[in-house]
Amino acid sequence: MLKKTQLCGIVIALIASSSVWAADQTVTLNDGRQVVLHDNFTWQYKAQTNNSATSPTLKTTTATAIPVVATSAVAIPIISAPKGVEIELGTTKAIQQLSDSGMDVLLTAAHYENGTLIIPTMMTNQSSKSVVNVTMKVRLSNSNGQTIATDEFTVWRSINRMPDTYFRPKTQHQGKPITFDVPKAERYFIDAEITDVDMR
């Protein structure tokens, strides 16, 4: 009876010891890395954790946050519309030159006559085609920047199907004047643009 009990104990001890030996073993190296030894005589490094005790050589980096720029409650300033090009009466200086599609329009010195501001125009056709119509949009302002008149002007118009009246390439002609019936002032401001050039 005693021998049977001892034999069972030895068998149980052998089974327990063999199961323990069959389990993976973990060994810590001098540099802190851990190696897993498998029962099939292979090994591998154990996955590292962020714990500083198990990985003393792990370098930590700190990131500096981008500073937040505080925004003020000040609104973006409003940019007022430009007054335009100055017109000064009594001078012989040309006001402005405009160009579009090879057509140059020069606004020459203005004068005031019988309640009307008159701005003569001189034009040059720099293109390779004949021009039959040139239209402009003009806004007139006072010295405070307030609009006092706006209008469209046809400064050149040829007679339809009459080539002799066409504005030929590489030539110059005096155009129709730009006129405004406005109160007389020492200076005005003009904002002009060519809106249409009809060529043939």
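The largest nonpolar core of this predicted model holds 29 residues, of which L107, I119, M136, L140, I178 and I190 touch the most other members. Such a core is a set of buried Ala, Val, Leu, Ile, Met, Phe, Trp, Tyr and Cys residues joined through side-chain atoms within 4.5 Å. Two or more residues each come from β6 (103-107), β8 (116-125), β9 (131-141), β10 (147-157), β11 (171-180) and β12 (187-199); strands are DSSP E runs of at least two residues, numbered from the N terminus. With residues up to four places away in sequence set aside, I178 touches L107, L117, I118, I119, T121, M136, V138, F153 and V155 (contact: heavy atoms within 4.5 Å).

One of these partners, T121, belongs to strand β8. T121 counts as buried because its relative accessibility is 1% (buried: under 20% relative accessible area, 1.4 Å probe, protein chains only). A polar atom of the T121 side chain lies 2.9 Å from the backbone oxygen of K176. Beyond its neighbours within four places in sequence, T121 contacts residues including V105, L106, Q174, G175 and P177.

Elsewhere in the description comes a sheet. β1, β2 and β3 form an open, antiparallel sheet in that order, with β1 (25-28) and β3 (43-45) as the edge strands, each pairing on one side only. Pairing requires at least two DSSP bridges between two strands. Four bridges join β1 to β2 (residues 34-37), and Q25 stands opposite L37.

Residues are numbered from 1 along each chain as its sequence is written, and side-chain values use heavy atoms, without hydrogens and water. Local features need pLDDT of at least 70 and side-chain atom pairs count only at pLDDT 80 or more, whereas totals for chains, interfaces and linings use all residues.

Methods
Buried means under 20% relative accessible area, exposed over 50%, partly exposed in between (1.4 Å probe, protein chains only). A polar contact is a pair of N or O atoms within 3.5 Å; within protein, one must be able to donate a hydrogen and the other to accept it, and residues adjacent in sequence count only if both atoms are side-chain atoms.
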